[in-house]
Amino acid sequence: MDDILSTGLAALLAGLLGSIPFGLLLTQAAGLGDIRSIGSGNIGATNVLRTGKKWLAAATLLLDFGKGVLAVVLVTWLFGAANAPMAALAAVMGHCHPPWLGGKGGKGVATALGVFLGLGWGVFIAAAAGWIVGAATSRISSVGALSAMVVAAITAFAVLRFDAAVAITIIAVYVIIRHEANIQRLIARTEPRIGQGK
(Lines give C-alpha, C1' and ligand atoms only; values in the text may rest on other atoms or scores of the structure.)
Protein backbone atom coordinates (compact mmCIF):
# COMPACT_ATOMS: atom_id res chain seq x y z
CA MET A 1 0.00 0.00 0.00
CA ASP A 2 2.82 2.40 0.84
CA ASP A 3 4.43 1.74 -2.55
CA ILE A 4 1.14 2.42 -4.34
CA LEU A 5 0.64 5.63 -2.36
CA SER A 6 4.20 6.79 -3.08
CA THR A 7 3.78 6.11 -6.79
CA GLY A 8 0.48 7.97 -6.85
CA LEU A 9 1.90 10.98 -5.02
CA ALA A 10 4.97 10.96 -7.26
CA ALA A 11 2.82 10.92 -10.39
CA LEU A 12 0.60 13.71 -9.03
CA LEU A 13 3.54 15.93 -8.12
CA ALA A 14 5.28 15.40 -11.45
CA GLY A 15 2.05 15.89 -13.37
CA LEU A 16 1.34 19.17 -11.61
CA LEU A 17 4.85 20.45 -12.30
CA GLY A 18 4.56 19.43 -15.93
CA SER A 19 1.19 21.15 -16.30
CA ILE A 20 2.51 24.67 -15.64
CA PRO A 21 1.84 26.44 -18.99
CA PHE A 22 4.89 28.67 -19.12
CA GLY A 23 4.40 29.68 -22.76
CA LEU A 24 0.93 31.01 -22.02
CA LEU A 25 1.92 32.67 -18.75
CA LEU A 26 4.98 34.40 -20.21
CA THR A 27 3.24 35.75 -23.31
CA GLN A 28 0.38 37.07 -21.22
CA ALA A 29 2.81 38.68 -18.77
CA ALA A 30 4.60 40.30 -21.72
CA GLY A 31 1.32 41.83 -22.89
CA LEU A 32 1.08 39.68 -26.02
CA GLY A 33 -2.27 38.15 -25.21
CA ASP A 34 -3.16 34.48 -25.49
CA ILE A 35 -0.48 32.51 -27.39
CA ARG A 36 -3.18 29.99 -28.34
CA SER A 37 -4.70 32.58 -30.68
CA ILE A 38 -1.71 32.74 -33.04
CA GLY A 39 0.24 30.34 -35.25
CA SER A 40 -0.38 26.72 -34.40
CA GLY A 41 -2.27 27.62 -31.22
CA ASN A 42 0.34 25.67 -29.27
CA ILE A 43 1.73 26.87 -25.92
CA GLY A 44 5.28 25.70 -26.64
CA ALA A 45 8.44 27.63 -27.48
CA THR A 46 8.18 27.18 -31.26
CA ASN A 47 4.83 28.95 -31.34
CA VAL A 48 6.00 31.59 -28.87
CA LEU A 49 8.79 32.33 -31.36
CA ARG A 50 6.11 33.33 -33.86
CA THR A 51 5.39 36.38 -31.68
CA GLY A 52 8.78 37.68 -32.84
CA LYS A 53 10.10 37.69 -29.27
CA LYS A 54 13.12 35.39 -29.35
CA TRP A 55 13.93 35.95 -25.69
CA LEU A 56 10.40 34.94 -24.74
CA ALA A 57 10.65 31.76 -26.80
CA ALA A 58 14.01 30.98 -25.18
CA ALA A 59 12.55 31.51 -21.72
CA THR A 60 9.63 29.23 -22.53
CA LEU A 61 12.00 26.56 -23.81
CA LEU A 62 14.19 26.72 -20.70
CA LEU A 63 11.28 26.69 -18.27
CA ASP A 64 9.46 23.83 -20.02
CA PHE A 65 12.75 21.93 -20.06
CA GLY A 66 13.46 22.80 -16.44
CA LYS A 67 10.12 21.60 -15.13
CA GLY A 68 10.82 18.21 -16.72
CA VAL A 69 14.20 17.96 -15.02
CA LEU A 70 12.77 19.16 -11.70
CA ALA A 71 9.89 16.67 -11.80
CA VAL A 72 12.23 13.68 -12.09
CA VAL A 73 14.86 14.98 -9.66
CA LEU A 74 12.33 16.02 -7.01
CA VAL A 75 10.37 12.77 -7.20
CA THR A 76 13.60 10.77 -7.01
CA TRP A 77 14.62 12.71 -3.91
CA LEU A 78 11.23 12.45 -2.19
CA PHE A 79 9.99 9.03 -3.26
CA GLY A 80 13.03 7.13 -4.51
CA ALA A 81 14.59 6.34 -7.89
CA ALA A 82 12.06 3.58 -8.58
CA ASN A 83 9.43 6.27 -9.14
CA ALA A 84 11.54 8.34 -11.56
CA PRO A 85 10.24 6.69 -14.78
CA MET A 86 6.63 7.26 -13.66
CA ALA A 87 7.49 10.89 -12.83
CA ALA A 88 8.93 11.36 -16.32
CA LEU A 89 5.75 10.06 -17.92
CA ALA A 90 3.52 12.15 -15.66
CA ALA A 91 5.45 15.37 -16.27
CA VAL A 92 5.18 15.05 -20.04
CA MET A 93 1.49 14.12 -19.86
CA GLY A 94 0.90 17.09 -17.57
CA HIS A 95 2.49 19.40 -20.13
CA CYS A 96 0.53 17.91 -23.02
CA HIS A 97 -2.79 17.83 -21.12
CA PRO A 98 -2.85 20.52 -18.41
CA PRO A 99 -6.18 20.46 -16.57
CA TRP A 100 -6.09 24.27 -16.32
CA LEU A 101 -6.34 24.55 -20.13
CA GLY A 102 -9.00 21.94 -20.74
CA GLY A 103 -6.37 19.29 -21.39
CA LYS A 104 -4.99 21.14 -24.42
CA GLY A 105 -1.30 21.80 -23.89
CA GLY A 106 1.94 21.61 -25.82
CA LYS A 107 3.49 18.80 -27.81
CA GLY A 108 5.94 17.93 -25.06
CA VAL A 109 9.33 18.24 -26.75
CA ALA A 110 11.12 20.54 -24.29
CA THR A 111 9.61 18.82 -21.25
CA ALA A 112 10.53 15.42 -22.71
CA LEU A 113 14.13 16.55 -23.12
CA GLY A 114 14.06 17.69 -19.50
CA VAL A 115 12.88 14.34 -18.18
CA PHE A 116 15.45 12.62 -20.40
CA LEU A 117 18.16 14.56 -18.58
CA GLY A 118 16.59 13.67 -15.25
CA LEU A 119 16.62 9.97 -16.11
CA GLY A 120 20.04 9.87 -17.77
CA TRP A 121 22.40 12.48 -19.15
CA GLY A 122 23.53 10.15 -21.94
CA VAL A 123 20.03 9.97 -23.39
CA PHE A 124 19.66 13.72 -23.12
CA ILE A 125 22.92 14.41 -24.95
CA ALA A 126 22.01 11.98 -27.72
CA ALA A 127 18.50 13.44 -28.06
CA ALA A 128 19.78 17.04 -28.02
CA ALA A 129 22.29 16.16 -30.73
CA GLY A 130 19.47 14.60 -32.74
CA TRP A 131 17.41 17.76 -32.41
CA ILE A 132 20.30 20.03 -33.37
CA VAL A 133 21.22 17.99 -36.44
CA GLY A 134 17.61 17.60 -37.56
CA ALA A 135 16.68 21.23 -37.04
CA ALA A 136 19.93 22.65 -38.43
CA THR A 137 19.83 20.63 -41.64
CA SER A 138 16.14 21.21 -42.33
CA ARG A 139 15.49 24.56 -40.61
CA ILE A 140 12.25 22.94 -39.42
CA SER A 141 11.59 22.59 -35.69
CA SER A 142 9.41 19.50 -36.00
CA VAL A 143 12.15 17.62 -37.86
CA GLY A 144 14.49 18.31 -34.96
CA ALA A 145 11.84 17.17 -32.47
CA LEU A 146 11.10 13.95 -34.32
CA SER A 147 14.80 13.20 -34.72
CA ALA A 148 15.39 13.77 -31.01
CA MET A 149 12.62 11.37 -30.01
CA VAL A 150 13.83 8.58 -32.28
CA VAL A 151 17.42 8.94 -31.07
CA ALA A 152 16.30 9.04 -27.42
CA ALA A 153 14.28 5.84 -27.70
CA ILE A 154 17.16 3.98 -29.33
CA THR A 155 19.80 5.30 -26.94
CA ALA A 156 17.77 4.64 -23.80
CA PHE A 157 17.95 0.86 -24.13
CA ALA A 158 21.73 1.04 -24.50
CA VAL A 159 22.48 3.19 -21.45
CA LEU A 160 19.59 2.99 -18.96
CA ARG A 161 17.72 0.46 -16.88
CA PHE A 162 14.89 -1.31 -18.66
CA ASP A 163 12.06 0.51 -16.85
CA ALA A 164 13.55 3.93 -17.59
CA ALA A 165 14.17 2.95 -21.21
CA VAL A 166 10.56 1.82 -21.57
CA ALA A 167 9.32 5.11 -20.09
CA ILE A 168 11.48 7.11 -22.49
CA THR A 169 10.25 5.07 -25.44
CA ILE A 170 6.60 5.63 -24.45
CA ILE A 171 7.28 9.36 -24.13
CA ALA A 172 9.08 9.48 -27.47
CA VAL A 173 6.29 7.63 -29.27
CA TYR A 174 3.64 9.86 -27.69
CA VAL A 175 5.47 13.05 -28.64
CA ILE A 176 5.76 11.75 -32.20
CA ILE A 177 2.01 11.03 -32.24
CA ARG A 178 1.42 14.60 -31.03
CA HIS A 179 3.25 15.72 -34.18
CA GLU A 180 0.83 13.98 -36.54
CA ALA A 181 -0.24 17.23 -38.20
CA ASN A 182 3.40 18.28 -38.57
CA ILE A 183 4.25 14.96 -40.20
CA GLN A 184 1.41 15.43 -42.67
CA ARG A 185 2.69 18.91 -43.53
CA LEU A 186 6.24 17.58 -43.87
CA ILE A 187 4.99 15.06 -46.39
CA ALA A 188 3.10 17.81 -48.21
CA ARG A 189 6.16 20.10 -47.92
CA THR A 190 4.09 22.83 -46.30
CA GLU A 191 5.61 22.70 -42.80
CA PRO A 192 6.84 26.20 -41.79
CA ARG A 193 10.51 26.74 -41.07
CA ILE A 194 11.86 27.98 -37.76
CA GLY A 195 10.77 31.58 -37.09
CA GLN A 196 8.35 31.56 -40.02
CA GLY A 197 4.73 32.45 -39.45
CA LYS A 198 2.17 29.72 -39.97
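Mentor: Let us begin with R189, which lies in the segment after α10 (180-188). This is a predicted model, and what follows should be read as a description of that prediction. R189 has a phi near 60 degrees, a positive value in a residue other than glycine. With a relative accessible area of 79%, R189 is exposed, because that value is over the 50% cut-off.

The salt bridge between R185 and E191 comes next, the side chains meeting at 2.6 Å, N to O. Whereas R189 is exposed, R185 is buried, and so is E191.

A positive phi also occurs at R139, which is not a glycine either and has a value of about 60 degrees. R139 sits in the loop between α7 (121-138) and α8 (141-159), and its relative accessible area of 46% makes this residue partly exposed.

Turning to helix α9 (residues 162-178), we find A172 placed within it, and here the relative accessible area is 1%, so A172 is buried. Leaving aside neighbours within four places in sequence, A172 is in contact with M149 and A153. The C-alpha atoms of A172 and N42 are separated by 18 Å, the two residues being 130 apart along the chain.

Another pairs D64 with K67, where the closest N and O atoms are 3.4 Å apart. Because D64 and K67 are 3 residues apart in helix α4 (residues 54-79), about one helical turn separates them, and both D64 and K67 are buried.

Finally, for a view of how helices pack elsewhere in the model, consider helix α5 (residues 84-96) and helix α6 (residues 109-119), which pack at an angle of about 170 degrees with their axes 9 Å apart. That angle makes α5 roughly antiparallel to α6. The residues making this contact are A84, P85, A88, A91, V92 and H95 of α5, together with T111, A112, V115 and L119 of α6. Sorted by class, the contact of α5 with α6 has 8 nonpolar and 2 polar residues, and no charged ones.

Note on methods: Residues numbered from 1 in each chain as written. Predicted model: local features only at pLDDT ≥ 70, side-chain atom pairs only at ≥ 80, totals over all residues. Heavy atoms only, no water. Axes fitted to C-alpha atoms, helices over the stretch in contact; angles between N-to-C directions. Helix = DSSP H or I, 4+ residues; strand = E, 2+ residues; numbered from the N terminus. Parallel < 35°, antiparallel > 145°, perpendicular 65-115°, else oblique. Contact = heavy atoms within 4.5 Å. Nonpolar A, V, L, I, M, F, W, Y, C, P; charged D, E, K, R; others polar. Buried < 20%, exposed > 50% of the residue type's maximum accessible area, 1.4 Å probe, protein only. Salt bridge = Lys/Arg side-chain N within 4 Å of Asp/Glu carboxyl O.
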